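Subject: Structure handover and findings

Hello,

My notes on what turned up follow below it.

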Amino acid sequence: MWASLDFAFLNWSVVSSFVLKGFIYSIQLTLIAMVGGIILGTLLALMRLSGKPWLVIPASAYVNTLRSIPLVMVILWFFLLIPLIIGRPMGAELSAIITFTVFEAAYYSEIMRAGIQSVPKGQVYAGYAVGMTYKQCMQLVVLPQAFRNMLPVLLTQTIILFQDTSLVYAIGAYDLLKGFETAGKNFGRPIESYLLAAVVYFVICYALSYLVKRLHKKIAIIR
């Protein structure tokens, strides 16, 4: 079997024609979902830590619900239901961006909640002692430290997010995996294309994981 494999079809012309477009979209989807997810996740974390039931209950319901549903189901729901609600098609790529941002916010929320709770209460009380409001204390004292403490975990979740982008294959979005699949179909080499896709995902994720470990060590030294 291995002797019959032929990877010669994958040259720069094939990569630029089929794979590069999918790779760019996967990176865009990862970055947009990361930024949007962290922003929305931070808001959800603050709501859950506010102590006010009218904020805690909906935020907790949002986080617990999405964390209990497989991502591929959420992708299909958004892709099929949102066009029915708004009355027009939205497109697989845009639907995936919205879905991943909304879904990842639930996971980033838990990370940020842990980060906020890791900041010593004494620093919060010190902020209040010098006349800071709750908002000022969060913006200037708590959140900067929480982001620093949780940065390695946030980046690790982003690596998982990049891996999960391959699930947009279910709605036909043109991501990195779709690019390899299309190249394989055009040249009659599906097995080789999937093997190469796996190698590319592994190399990217392993390299990023290594960088996150290095960053984690530096942050530990700073502490």
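First, a term for the notes: buried means under 20% relative accessible area, exposed means over 50%, and partly exposed lies in between, with a 1.4 Å probe and protein chains only. This is a predicted model, in which local features need pLDDT of at least 70, side-chain atom pairs count only at pLDDT 80 or more, and totals for chains, interfaces and linings use all residues. Residues are numbered from 1 along each chain as its sequence is written, and side-chain values use heavy atoms, with hydrogens and water left out.

**Aromatic pairs**

Rings of Phe, Tyr and Trp (its six-membered ring) pair if their centres lie within 6.5 Å; planes under 30 degrees apart are stacked, over 60 edge-to-face, the rest tilted. The whole structure holds four aromatic pairs. One of them is tilted: Phe162 and Tyr201, at 5.5 Å centre to centre and 45 degrees between the planes. This pair links distant parts of the chain, with Phe162 in helix α6 and Tyr201 in helix α8 (residues 190-222), 39 residues apart. Helices here are DSSP runs (H or I, at least four residues), numbered from the N terminus. Phe162 and Tyr201 are both buried.

Phe202 and Tyr206 make a stacked pair, because their ring centres are 5.6 Å apart and their planes meet at 25 degrees. They sit four residues apart in helix α8, so about one helical turn separates them. Phe202 and Tyr206 are both exposed.

**α2 against α4**

The axes of α2 (residues 53-66) and α4 (residues 92-118) come within 9 Å and cross at roughly 110 degrees. Axes are lines fitted to C-alpha atoms, for helices over the stretch in contact; angles run from 0 to 180 degrees between N-to-C directions. That makes α2 and α4 roughly perpendicular, a label for angles of 65 to 115 degrees. On the α2 side, Tyr62, Val63 and Leu66 make the contact. On the α4 side it is Val102, Phe103, Ala105, Ala106, Ser109 and Glu110. Contact means heavy atoms within 4.5 Å.

Thr101 also belongs to α4. It is buried, with a relative accessible area of 16%. Leaving out residues up to four places away in sequence, Thr101 touches Ile32, Ala33, Gly36 and Gly37.

**α3**

Leu71, Val74, Ile75, Phe78, Ile82 and Pro83 are buried in α3. The buried residues of α3 pack against α2, α4 and α6 (134-164). Just after α3, Gly87 has a positive phi of about 85 degrees.

α7 (residues 176-186) is mostly covered, with eight of its eleven residues buried. Among them are Leu176, Leu177, Phe180 and Glu181. Gly188 follows α7 and has a positive phi, near 65 degrees. Gly188 lies in the loop between α7 and α8. It is exposed, with a relative accessible area of 52%. Gly188 and Phe9 are 179 residues apart in sequence, yet 9.5 Å apart in space, C-alpha to C-alpha.

Best wishes

How values were computed: Helices (H or I, at least four residues) and strands (E, at least two) are DSSP runs, numbered from the N terminus. Angles under 35 degrees count as roughly parallel, over 145 as roughly antiparallel, 65 to 115 as roughly perpendicular and the rest as oblique.
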